[in-house]
Amino acid sequence: MTRFSVRPATPDDAAQIIEVERSCFHDAWSAAGIHKILGDEKSLVYVAEEGKQIVGYAAAWTISDEGEITRVAVLEAQRGRGLGRALLQHTQNECVRRGATLIFLEVRESNVAARTLYARCGWIEVGRRKRYYQDGEDALVLRLASHPER
Ligand SMILES: CC(C)(COP(=O)(O)OP(=O)(O)OC[C@H]1O[C@@H](n2cnc3c(N)ncnc32)[C@H](O)[C@@H]1OP(=O)(O)O)[C@@H](O)C(=O)NCCC(=O)NCCS
């Protein structure tokens, strides 16, 4: 099995990131939204690639000492191989490196895969946003509790 690598995204990755986004989310971000984060200095985007194929990506932003992880997505056929964990760890490490000490994310209550991933990477539940999603599901608010570089 080929080994994947994780690296910062470039604007040239947009088309493949859009494909991953559309295959992973019913409420996928628009192509314009993806182009925007790839050109925004407050945003950070990492991709996991295998050969020349992008098989997952993660996105976040930081402003001053705050950060938010906004996406972690892996193509369905590639899940369960550690890509989500690698993407999340690169992204959260970079948030910390940029000076964020308070890093949050939101996750659907029913998203067991993502909640397990976040728990394994040091995230704890700190709140709940009632009926946050369009279909009425609650969002759980998680915060990165501890980080080796802190
Ligand atoms: C969430 C997601 C990114 C996980 O990606 P992945 O590459 O399969 O995750 P990994 O293989 O790195 O697994 C990370 C941890 O989560 C656990 N996990 C992954 N999928 C799981 C599942 N379906 N059920 C329970 N635990 C799961 C793994 O066991 C692993 O923990 P471990 O290393 O202690 O065993 C992937 O399922 C996905 O893209 N989902 C759709 C998009 C999404 O919902 N993103 C999150 C919200 S933005």
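Helices here are DSSP runs of H or I with at least four residues, strands are E runs of at least two, and both are numbered from the N terminus. Quick caveat: this is a predicted model, so local features need pLDDT of at least 70, side-chain atom pairs count only at pLDDT 80 or more, and totals for chains, interfaces and linings use all residues. Residue numbers start from 1 along each chain as its sequence is written.

Nonpolar is Ala, Val, Leu, Ile, Met, Phe, Trp, Tyr, Cys and Pro, charged is Asp, Glu, Lys and Arg, and the others, Gly among them, are polar.

Now the helix pair. The axes of H1 (residues 14-24) and H2 (residues 31-38) come within 10 Å and cross at roughly 125°. That makes H1 oblique to H2, because under 35 degrees is roughly parallel, over 145 roughly antiparallel, 65 to 115 roughly perpendicular, and the rest oblique. Axes are lines fitted to C-alpha atoms over the stretch in contact, with angles from 0 to 180 degrees between N-to-C directions. From H1, the contact uses Ala-14, Ile-17, Ile-18 and Glu-21, and from H2, Ala-31, Ile-34, His-35 and Leu-38; contact means C-beta atoms, placed from the backbone, within 7 Å. Six of those residues are nonpolar, one is polar and one is charged.

Zooming out, the protein has four helices and seven strands, running β-α-α-β-β-β-α-β-α-β-β from the N terminus. The C-alpha trace spans about 40 × 35 × 35 Å along its principal axes.

Key. Contact = placed C-beta atoms within 7 Å.
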